[in-house]
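Please read these notes with the model open beside you.

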Amino acid sequence: MGAIRDFINKDIKYENETKRTIVALRILYIVEFVAFILDIAISGIEVIKMYPFRIFALFLANILLFAFTYHSKTRTSLILFILFLVCYINSMIPCFGWSAGMQNYFIIILMLCFFAMYGKTVYKFMYAGFVLIVRIITIGIYGGLKPQGYISFVDDKLLQITNISAVFISIIFISYVFSQKENEAENKLMKYNNQLKKEANTDQLTGLFNRRRAYDYLKEVRNVTDASFVSVAMGDIDFFKKVNDTYGHDAGDEVLRAVADIMRAQCRSTSVISRWGGEEFLIILPECNGDNAFIAIERLRNAVQKNVINVDGTEIKVTMTFGIAEFGITSNIDGVIKEADEKLYYGKTHGRNQVIY
């Protein structure tokens with residue numbers, strides 16, 4: 001099966017040619033060929049005796065045109081297939097009769113006009129209108145025509161089943177081949193949009209949420225009527241400017257990343273950790289009052305203090321100061337953030353490396 005799939009999906013000779021239409025045409029040739037063989041087998045040897053040249057010519061044309069798809073331009077192959085199918089329909093209706101359903105193959109041509117034909121929409125409707133005219137002419141010429149040879153009632157039903165099945169299978173393949181790219185594009189677009197959304201909410205250096213995402217989360221909390229109180233902790237790395245001045249900004253970036261990793265490890269998975277700006281971080285602790293938040297943030301502060309950050313062989317240790325405020329559904333977001341920031345400022349001016357609540 002893999003070899004057959006690779007054979008059908010083989011690229012065409014010409015560059016800058018879409019492979020999708022060619023693959024669809026190859027599949028249609030195969031489906032039509034199988035239906036042709038089944039029709040001949042069902043109707044019996046008498047049909048071959050009555051129309052040997054016609055049947056042999058269609059048989060040979062099917063094979064040659066299929067092979068031609070590997071060497072022809074897409075548009076040329078498409079036009080040849082449509083012409084072949086029109087000839088096939090009008091040649092085989094006299095063989096099998098109108099009731100065999102050969103005229104249903106016009107549906108395949110109609111679908112190709114919209115899916116495979118490239119150009120303005122108005123042209124596609126013009127092509128479809130032309131197909132309709134040919135279909136009407138076919139009704140006028142062959143409508144109700146009986147087969148030239150004897151075909152039993154059962155064989156007639158089998159011919160109908162064979163041809164309508166071929167048409168349905170062809171429609172399924174056309175729809176699949178031409179919608180696959182759109183589905184892939186849509187999936188890529190969704191992934192791209194998700195990526196953009198993630199990037200819009202993420203601090204590139206630390207991988208934490210950014211200021212906007214933290215602020216949006218507090219809005220979400222306030223809009224949930226049954227939300228319990230949460231705590232907000234504003235933290236700042238002590239003497240961070242000294243780290244940059246002493247070890248360089250690259251080392252400062254490593255320190256920020258290391259502190260972010262410690263926060264992720266120490267805080268609950270439900271906590272929203274964000275880089276508020278520079279060396280400042282805002283931590284939102286859901287379903288956590290101020291007392292419990294103090295315990296959690298104190299544990300985080302100790303972890304930061306004990307951690308040794310290795311930057312190119314240089315060991316750097318930093319501490320952090322935090323301010324904590326409670327936030328509820330009736331709280332003002334800016335007011336709570338300001339309260340936490342003021343407590344942080346108090347801690348910075350009264351010794352640093354502490355949690356103020």
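1. Start with R301. At 8% relative accessibility, R301 counts as buried. Buried means under 20% relative accessible area, exposed means over 50%, and partly exposed lies in between (1.4 Å probe, protein chains only). R301 forms a salt bridge with E298, and the closest N and O atoms are 2.6 Å apart. A salt bridge here is a side-chain nitrogen of Lys or Arg within 4 Å of a carboxyl oxygen of Asp or Glu. R301 and E298 both sit in helix α12 (residues 290-306), three residues apart, which is about one turn of the helix.

2. A word on the basis. This is a predicted model, in which local features need pLDDT of at least 70 and side-chain atom pairs count only at pLDDT 80 or more, while totals for chains, interfaces and linings use all residues. Residues are numbered from 1 along each chain as its sequence is written, and side-chain values use heavy atoms, with hydrogens and water left out.

3. Stay in helix α12 for A296. At 19% relative accessibility, A296 counts as buried. A296 and C267 are 29 residues apart in sequence, yet their C-alpha atoms are 7.4 Å apart in space.

4. Now the whole chain. The secondary structure comes to 13 helices and seven strands. Helices (H or I, at least four residues) and strands (E, at least two) are DSSP runs, numbered from the N terminus. Of the 357 residues in the protein chain, 44% are buried. The chain exposes about 19600 Å², and carbon and sulfur atoms supply 59% of that. Accessible areas come from the Shrake-Rupley method with a 1.4 Å probe; for residues, only the protein chains shown count as cover.

5. Contacts across the sequence deserve a look. Among contacts in the protein chain with a separation of 6 or more, 70% involve residues 24 or more positions apart. Contact means heavy atoms within 4.5 Å.

6. Which strands make up the open sheet, and in what order? The sheet has five strands in the order β2-β3-β1-β6-β7, with mixed pairing. The edge strands are β2 (272-277) and β7, each pairing on one side only. Two strands pair if DSSP finds at least two bridges between them.

7. Helix α13 (residues 333-349) packs on this sheet. The helix touches β1, β2, β3 (280-285), β6 and β7. Its direction makes about 150° with that of β6. Axes are lines fitted to C-alpha atoms, for helices over the stretch in contact, and angles run from 0 to 180 degrees between N-to-C directions.

8. Is strand β1 buried or exposed? Eight of the eight residues of β1 are buried, so the strand is largely enclosed by the rest of the structure. Both faces are covered: V230, V232, M234 and D236 are buried on one side, and S231, A233, G235 and I237 on the other. β1 and β3 pair in the antiparallel sense over six bridges. S231 has L285 as its bridge partner in β3.

9. On to β6 (residues 320-327). Seven of its eight residues are buried, so β6 too is largely enclosed by the rest of the structure. β1 (residues 230-237) and β6 pair in the antiparallel sense over eight bridges. I237 stands opposite M320 in that pairing. β6 and β7 (residues 355-356) run parallel, joined by two bridges. F322 stands opposite V355, and G323 stands opposite I356.

10. K343 belongs to helix α13. A polar atom of its side chain lies 3.0 Å from the backbone oxygen of I324. Leaving aside neighbours within four places in sequence, K343 is in contact with G323, I324, I356 and Y357.

11. Last, the other charged pairs. Side chains of opposite charge can pair when their charged atoms come close. The salt-bridge count comes to nine. E254 and R257 meet in one of them, at 2.7 Å from N to O. They are three residues apart in helix α11 (residues 249-266), so about one helical turn separates them. E254 is partly exposed at 34% relative accessibility, and R257 is partly exposed at 30%. R213 and E220 also meet in a salt bridge (3.3 Å, N to O); E220 is partly exposed, at 39%. D236, D238 and K348 are linked in a network of salt bridges.

Terms used
Polar contact = N/O pair within 3.5 Å; in protein donor to acceptor, adjacent residues only side chain to side chain.
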